[in-house]
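Below is what I looked up, in the order I got to it.

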Amino acid sequence: MELPAYFISDAHLGIEPPGAVPDREQMLIRLLSSWKGKASHVVVIGDLFEFWYEYSYYVASAHFNLYRAFADLVDSGVEVHLIRGNHDFAYGDFFPKSIGVQTHKDLVLEIQGKRLYFRHGDGVAKSDFGYRLFRRVLDFPLNRFL
């Protein structure tokens with residue numbers, strides 16, 4: 001029997017907007033923990049964080065328990081992937097090197113005999129020219145360095 005795969009999108013952790021589910025990060029951590037050794041894949045399809053910008057020697061410590069939950073999933077044999085969203089586009093090497101979670105702009109996986117394509121979806125529409133240009137400016141290596 002093949003293990004199930006799970007998909008998450010748009011958690012926007014790091015802010016508490018009006019009407020948001022209280023303690024949603026803790027709820028997500030419990031959910032991830034319940035999948036240890038019971039899933040083949042977990043794919044986060046963008047915007048896990050409201051804002052993510054990674055520096056060489058610093059990541060947001062407020063999410064330490066979430067990082068640990070992802071590391072525990074990986075340690076249990078689950079393949080975990082993070083797709084860049086428009087709020088958390090600046091992944092560096094923290095997730096792959098420190099936790100074992102792979103990061104991608106887009107991703108193709110074969111799961112249970114099906115070939116699946118994953119992308120957050122921001123900037124896909126041709127009419128979204130302004131955002132697509134802005135994203136290229138943000139992603140330009142010199143701008144990221146500065």
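**Entry 1: a pair of strands.** I started at I8, which stands opposite V44 in β2. The strands here are β1 (residues 5-8) and β2 (residues 41-45), and they pair in the parallel sense over four bridges. For my own record, two strands pair if DSSP finds at least two bridges between them. Helices (H or I, at least four residues) and strands (E, at least two) are DSSP runs, numbered from the N terminus.

Before going on, I noted that this is a predicted model, where local features need pLDDT of at least 70, side-chain atom pairs count only at pLDDT 80 or more, and totals for chains, interfaces and linings use all residues. Residues are numbered from 1 along each chain as its sequence is written, and side-chain values use heavy atoms, with hydrogens and water left out.

**Entry 2: the helix in the unit.**

**Entry 3: the whole chain.** I counted five helices and six strands. Along the sequence they follow the pattern β-α-β-α-β-α-β-β-β-α-α. Of the 146 residues, 38% count as buried, where buried means under 20% relative accessible area, exposed over 50%, and partly exposed in between (1.4 Å probe, protein chains only). Among the contacts (heavy atoms within 4.5 Å) with a separation of 6 or more, 69% come from residues 24 or more positions apart.

**Entry 4: the cores.** Which residues have the most contacts inside the largest nonpolar core? They are L32, L48, F49, L66, F70 and F95, in a core of 28 residues. Such a core is a set of buried Ala, Val, Leu, Ile, Met, Phe, Trp, Tyr and Cys residues joined through side-chain atoms within 4.5 Å. The elements giving it two or more residues are α1, β2, α2 (64-75), β3 (79-83) and α3 (94-99). α2 supplies the largest share, six residues. A second, separate core has eight residues, including I83, L109, I111 and F118.

I then went back to L32. Leaving out residues up to four places away in sequence, L32 touches I8, V42, L66, A69, F70 and L73.

**Entry 5: H41.** The side chains of H41 and S40 are joined by a polar contact of 2.9 Å. For that term I wrote down: a pair of N or O atoms within 3.5 Å; within protein, one must be able to donate a hydrogen and the other to accept it, and residues adjacent in sequence count only if both atoms are side-chain atoms. Not counting residues up to four places away in sequence, H41 touches, among others, P4, Y6, V78, H81 and E110.

**Entry 6: the hairpin and two positive phi values.** β5 and β6 pair in the antiparallel sense over six bridges, and D106 has R119 in β6 as its bridge partner. Their hairpin has two residues between the strands, and there Q112 takes a positive phi near 50 degrees. Q112 is partly exposed, because its relative accessible area is 42%.

D10 sits in the loop between β1 and α1. With a relative accessible area of 37%, D10 is partly exposed.
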